[in-house]
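These are my notebook entries on a structure that I had not examined before. I set down what I looked up, in the order in which I looked.

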Amino acid sequence: MELDFVAALLARIPADPRLEVPPGDDAAVLRPPAERRSVVTTDMLMESVDFVLGPDCTPRMVGHKALAVNLSDLAAMAARPEVAVAAVALPRAHGDAIGRGLIDGILALALEHGVTLAGGDTNAWDGPLVISITAIGSVAPGRAWRRDGAQPGDLLVVSGACGGSLLDRHLAVTPRVREALTIANRFDVHAAIDLSDGLSLDLARMMQASGSGAVLDLPSIPIHPDAVRMAALPGDDRSPLEHALSDGEDFELLLAVPPDDARRLAAEGTEITGTPFTVIGEVVAGGGLSARTADGRTTSLTPRGYEHAFDQ
Ligand SMILES: [Mg+2]
């Protein structure tokens, strides 16, 4: 019998006061937190584009990632995750087992972050697995982080370390939700973005939105050990630093922060959030990116990263 993915998922979610009309009706009715704004984001993962199911990529891992990438976007807005809905196209072959694995992955992460599931849709077809999750968060009015607020003089701060996520981290995404909420309460953040497509490309997007440029201080960029491993693979012609600058799916936070707060965040970040924060450059007047090397020279930097390709 075909698994009703959404019904099975919802049956395992406890009743939640945020849902005035729970799932099971034509639509759910949300009770938004008083005096807060709703923040909405959606993300779709497609087998063979975003993942390939196999021993190293289980349905549970896909379910985790499908919710995690949404939570990462909410974190980048300093929003508290509240509610999610899920839509899936299950392959007919092994659809039941795949659906159960997805549920396990979604549910574990949802419980961890206090997210309740409000509904969704299940389809089965002869194509590959596709899953789309929409997440809704909340933030106090005027307090959402945006991409367009970076100002010349701000320092750029990144969480964690970058590069090489494709080795295995790209599925085990840790959305920086708690970090974002803690920082939003204690530091002045002018602009934010989560690193989904590569540090240099996402930085370029934030600078373009802000109408500013940036100088990256290359020696200070935190390079993930996976970037070092990846650069050492046979046939890989990029350095660990190049991986850190251009590999996608780090899902770290990149913040533009006034200098005093930035230095304080770098000094105290690990203690107060459990995750290190590093100053990696500064925002400057004018457009474009440049890079300062260890010997003090500054060269222009071409943003590189992952972009979905399609015919024009
Ligand atoms: Mg994003």
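**Entry 1: a charged pair and the domain interface.** I began with E112 and R178, whose side chains meet in a salt bridge with an N to O distance of 4.0 Å. The model I am reading is a predicted one. Across the interface of domain 1 and domain 2 I found two salt bridges listed by the rule. For polar contacts between domain 1 and domain 2, the count is five residue pairs. I then looked up which elements give two or more residues to the side of domain 1 that touches domain 2, and they are helix 2 (59-76) and strand 4. Helix 2 gives the most to that side, with 10 residues.

**Entry 2: the two domains.** Where do domain 1 and domain 2 lie along the protein chain? The domain assignment gives 5-139 for domain 1 and 155-301 for domain 2. I noted that their C-alpha centres lie 27 Å apart. As for contacts, 20 residues of domain 1 touch 17 residues of domain 2.

I next looked up the area. The size of an interface is often given as the accessible area lost when the parts come together. Between domain 1 and domain 2 about 1,500 Å² is buried, and carbon and sulfur atoms give 65% of this area. Of the area that domain 1 buries against domain 2, K65, S72 and A76 supply 32%, more than any other three residues.

Entry 3: I traced an open sheet of four strands and recorded the order 3-6-4-5, with mixed pairing.

I followed the pairing of strand 3 with strand 6 (residues 130-139), which is antiparallel and runs over 10 bridges. Within it, M44 stands opposite S132 of strand 6. I also noted helix 3 (residues 95-112), which lies across strand 4 (80-91), strand 5 and strand 6. Helix 3 runs at about 170° to strand 4.

Entry 4: I then turned to an open sheet of seven strands, in the order 8-10-7-11-9-12-13 and with mixed pairing. Neighbouring strands here are turned by 30° against each other on average, direction ignored.

Strand 12 (residues 289-292) pairs with strand 13 in the antiparallel sense over four bridges. Which residue of strand 13 is the bridge partner of A291? I found T299 in that place.

Helix 2 touches strand 8 and strand 10 (253-257), and its direction makes about 170° with that of strand 8. Helix 8 (residues 259-273) touches strand 7 (155-159), strand 10 and strand 11 (277-284), with an angle of about 160° to strand 11.

**Entry 5: salt bridges in the whole structure.** Side chains of opposite charge can pair when their charged atoms come close. My search of the whole structure finds 24 salt bridges. I looked at one of them, between the side chains of D226 and R169, at 3.2 Å from N to O. D226 lies in helix 6 (residues 225-231) and R169 in the loop between strand 7 and helix 4 (177-186), so the pair ties together parts that are 57 residues apart in sequence.

**Entry 6: H190.** My last entry concerns H190, which I located in the loop between helix 4 and strand 8. With its neighbours within four places in sequence left aside, H190 is in contact with R146, G149, A150, Q151, D154, A256 and P258. With D154, the side chain of H190 makes a side-chain polar contact of 2.8 Å. I also looked up H190 and A291, which are 101 residues apart along the chain, and their C-alpha atoms are separated by 22 Å.

Technical notes. Residues numbered from 1 in each chain as written. Predicted model: local features only at pLDDT ≥ 70, side-chain atom pairs only at ≥ 80, totals over all residues. Heavy atoms only, no water. Pairing = 2+ DSSP bridges. Contact = heavy atoms within 4.5 Å. Axes fitted to C-alpha atoms, helices over the stretch in contact; angles between N-to-C directions. Domains from an automatic or database assignment. Buried area = accessible area lost by both parts, 1.4 Å probe. Polar contact = N/O pair within 3.5 Å; in protein donor to acceptor, adjacent residues only side chain to side chain.
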